[in-house]
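Please look at the sequence and the 3D structure below. A short report on selected features follows.

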Amino acid sequence: MEHRTKRDSWGSKWGFILACIGSAVGMGNIWLFPARVSAYGGATFLIPYFIFVVIIASTGVIGEMSFGRATRSGPIHAFGFATKQRWGTEKPGKALGLIPVAGSLALAIGYSVVVGWIFKYFYLSLTGKLMAMTDVGEFAATFEATALTNPAWQVLGMAVTIVIMAFGIGRGIEKANKVMMPLFFLLFIGLAIYIFRLPGAAEAYRYIFVLDPRGLLDPMVWVYALGQAFFSLSIAGNGTLIYGSYLSNDSNVPADAKMVAFFDTCAALLAALVIIPAMAVAGEQLSKGGPGLMFIFLPNVLRAIPGGSLILVVFFTAVSFAALTSLVNLFEAPTATLQELFRLKRPVAVGIIGAAGIGVGLAIAPIVSDWMDVCSIYICPLGAMLAAIMFFWVCRKDFVLEQVNLARKKPLGRWFYPMARYVFCGVTILVLILGATTAGGIG
């Protein structure tokens, strides 16, 4: 098929892995994971979280990467390929493939609003205006005003995203992630080391790593751990699938999926090792996550600890990198879809999607919280479920096993196919049914 030809590709294995890590590391790691660790017993929460990360990474992430690579396309043509292989017609698959593409675009538009907030707060930290605020009420008022209208910073965030994407996969997205992701980790490691040395941090580390086995009997610990792992790994039938479509056949997808899951988990743990001890140093408890944590309570805490001015700059620099890499990934599926459907050159497709992102993003800014709830609670899990069903149920078993084992010296064990077909597909259905209970925030 023509849509499988003339596609851009990754320049290196690590370029692809860093791009996937960038797509997975987002606000869910930073403003939600530490809050859930704090609320659900530290290590007690981490055990089920690690279990679900292993299950999802070793089935769903492998599946979406392999599905994209096998079809050399985004969700629409990939789903169409699956139904044609099974029933001889692409039409039902292509129609269903519109769902994850639309979900990716809608989530990206909402996320662009958040990127605008982050850019503004980076500026406020750099100019010292955050340090000049005196109490949590002033931080709350500033964030409320920002959330209602923030057009200049929102447009700037979109402009940076559009420029990165216009350069393509190898020269744009890959190079941006090669810079931003290592810097993100270095900055957060630096913050973690600095806060570790401050008086009062020790108790927080004790809390994070001490296990209370009784907490594992609470079903909500497992439910929230499932939601956090699911959304953190960027499983939605769009971003991971489309990044996989730019892979070559000599890539070892299971090994790549393992690396992505490992570094995404490291990012979440680093955020917890910065935010929970920082709250403890200031004598505060981390009782709630979400945007309020990152834009109100945490800056109020960070400004009050030694070196607060520099910490705020480093923190919002790192957060800017995480947000941009996630936003680029979310816009890639709709951009690639325009290229595939209408044979557009990449700069034209990026321009159209970018213009839509700016126009709709500015319009929905005052209601972005409700907008993102709809995307994360309903559309993303539905896209993940459809991708899982298409690859593991509609595509033939021999095709699936051939694709996931390409370039591997030793094939995956017999456990893989039944686990992916029944356990992972069941997980996607469970997340969709549980809805808001599992929603992982803006991941």
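**Model.** This is a predicted model. Local features are taken up where pLDDT is at least 70.

**A helix pair.** Two packed helices are described by the angle between their axes and the distance between the axes. Here the pair is helix H9, residues 202-209, and helix H12, residues 253-281. They pack at an angle of about 130°. Their axes lie 8 Å apart. H9 and H12 are therefore oblique to each other. Their crossing is right-handed. From H9, the contact uses Ala204, Tyr205, Ile208 and Phe209. From H12, it uses Ala272, Leu273, Ile276, Pro277 and Ala280. What classes of residue make up the contact of H9 with H12? Nine are nonpolar, with no polar and no charged residues.

**The nonpolar core.** The largest nonpolar core has 152 residues. Met27, Phe184, Met294 and Phe315 have the most contacts inside it. Which helix gives the most to this core? Helix H14, residues 308-342, does, with 18 residues.

Most residues other than glycine have a negative phi. Arg72 has a positive phi although it is not a glycine. Ser234 also has a positive value in a residue other than glycine. The table sets out both.

| Residue | Phi | Loop between | Relative accessible area |
|---|---|---|---|
| Arg72 | about 50° | helix H3 (43-71) and helix H4 (75-87) | 18% |

**A tryptophan in helix H2.** Trp31 is found in helix H2, residues 27-39. Its relative accessible area is 3%, so Trp31 is buried. How far apart are Trp31 and Gly307 in sequence and in space? They are 276 residues apart in sequence. In space, the separation of Trp31 and Gly307 is 22 Å, C-alpha to C-alpha.

**In brief.** H9 and H12 meet through a contact of nine nonpolar residues.

Definitions and conventions:
Residues are numbered from 1 along each chain as its sequence is written. This is a predicted model: local features need pLDDT of at least 70, side-chain atom pairs count only at pLDDT 80 or more; totals for chains, interfaces and linings use all residues. Side-chain values use heavy atoms; hydrogens and water are left out. Axes are lines fitted to C-alpha atoms, for helices over the stretch in contact, and angles run from 0 to 180 degrees between N-to-C directions. Helices (H or I, at least four residues) and strands (E, at least two) are DSSP runs, numbered from the N terminus. Angles under 35 degrees count as roughly parallel, over 145 as roughly antiparallel, 65 to 115 as roughly perpendicular and the rest as oblique. A crossing is left-handed if the near helix is turned anticlockwise from the far one by less than a right angle, and right-handed if clockwise. Contact means heavy atoms within 4.5 Å. Ala, Val, Leu, Ile, Met, Phe, Trp, Tyr, Cys and Pro count as nonpolar, Asp, Glu, Lys and Arg as charged, and the others, Gly among them, as polar. A nonpolar core is a set of buried Ala, Val, Leu, Ile, Met, Phe, Trp, Tyr and Cys residues joined through side-chain atoms within 4.5 Å. Buried means under 20% relative accessible area, exposed over 50%, partly exposed in between (1.4 Å probe, protein chains only).
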